[in-house]
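I opened the notebook to record what I looked up in this structure. Entries follow in the order in which I checked them.

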Amino acid sequence: SVFIYIYIYIYDFFVMQETHGNLGKCSGFRNKVGYKAFWSNGFEGADGVGAWVKEEFLAKVCSGGGGYEWLEVVPGSAAILRCWGSLGRIQIGIVYLPTGASGGKEERQAIVLKITNKMKDWKDALQILVGDFNFVVSLRDRFSGDPPSFSGDNDKAETKQFEKSLLPLGLSELYQPEPTYRNS
């Protein structure tokens, strides 16, 4: 896709969710020259998360005898890329949480708890957590229907658990002034 390659030229890493990959697809993938690919596939090509990272970025961050590791926390749903070296430590968590129709609140909460507990092992690192969380934290984040109306407070319990898990890591949601999803 042209869109992906435009961003690849600009940024040190590019993360993806809902990749729907499998071992064969990932093995046959022709990676962009100068980038390393990391994959965590779901069952039978469902779900999936991944990252493309500039080799130059890895070399810089991992300098001075450092290294990196890719941790599959929940295959296809949550993974962490950890890098360390003389410049410090960074960990990038990537999630693709189930929708209400494919797992629901309990499974989302369990995955968030697993990845944040794993990220706590590296509390002193620069922390980044990205992905598709499939729930919203604000009363006015999601609207649906015809005519459209706000979905209300359906995700209140998840929001509380999410905040409880993320605050010890020093993480908070980025400011998003516009709703990100509309569905009929």
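**Entry: salt bridges.** How many salt bridges are there? The count comes to two. For one of them, I looked up Glu69 and Arg82, whose side chains meet at 3.8 Å, N to O. Glu69 lies in strand 4 and Arg82 in strand 5, so this pair ties together parts 13 residues apart in sequence. I checked accessibility for both residues: Glu69 is partly exposed, with a relative accessible area of 29%, and Arg82 is buried, at 6%.

I also looked up Arg89, which forms a salt bridge with Asp124; their closest N and O atoms are 2.6 Å apart. This pair links distant parts of the chain, with Arg89 in strand 6 and Asp124 in the loop between helix 4 and strand 7, 35 residues apart. Arg89 has 31% relative accessibility and counts as partly exposed. Asp124 has 62% and counts as exposed.

**Entry: nonpolar cores.** I looked up the largest nonpolar core, which has 17 residues. Those with the most contacts inside it are Val95, Leu97, Ile115, Leu129 and Phe133. At least two residues of this core come from each of strand 4 (67-74), strand 5 (78-85), helix 4 (104-119) and helix 5 (156-166). Helix 4 gives the most, with four residues. Another core lies apart from this one; I noted that it has 16 residues, including Phe38, Leu58, Ala79 and Ile94.

I went back to Leu129 for its contacts. Leaving out residues up to four places away in sequence, Leu129 touches Gly93, Ile94, Val95, Ile115, Met119, Leu166 and Leu171.

Entry: I found an open sheet of three strands in the order 1-3-2, with antiparallel pairing. Strand 1 (13-17) and strand 2 (35-40) are its edges; each has a single partner strand, so one side of each is left without a neighbour in the sheet. The twist averages 10 degrees from one strand to the next. Strand 2 pairs with strand 3 (residues 49-54) in the antiparallel sense over six bridges. I noted Ala37 opposite Trp52 in strand 3.

**Entry: confidence.** I checked pLDDT last. The chain averages 80, and 80% of the residues score at least 70. Which elements of the chain have the lowest and the highest mean pLDDT? Helix 1 (residues 2-10) has the lowest, 44, and strand 4 the highest, 96. Over residues 1-9 pLDDT stays under 50, and the model has twelve contacts beyond four places in sequence for that stretch. Where pLDDT is low, the predicted coordinates should not be read in detail.

Technical notes. Residues numbered from 1 in each chain as written. Heavy atoms only, no water. Pairing = 2+ DSSP bridges. Axes fitted to C-alpha atoms, helices over the stretch in contact; angles between N-to-C directions. Core = buried A, V, L, I, M, F, W, Y, C linked by side-chain atoms within 4.5 Å. Buried < 20%, exposed > 50% of the residue type's maximum accessible area, 1.4 Å probe, protein only. Contact = heavy atoms within 4.5 Å. pLDDT = per-residue confidence, 0-100. Salt bridge = Lys/Arg side-chain N within 4 Å of Asp/Glu carboxyl O.
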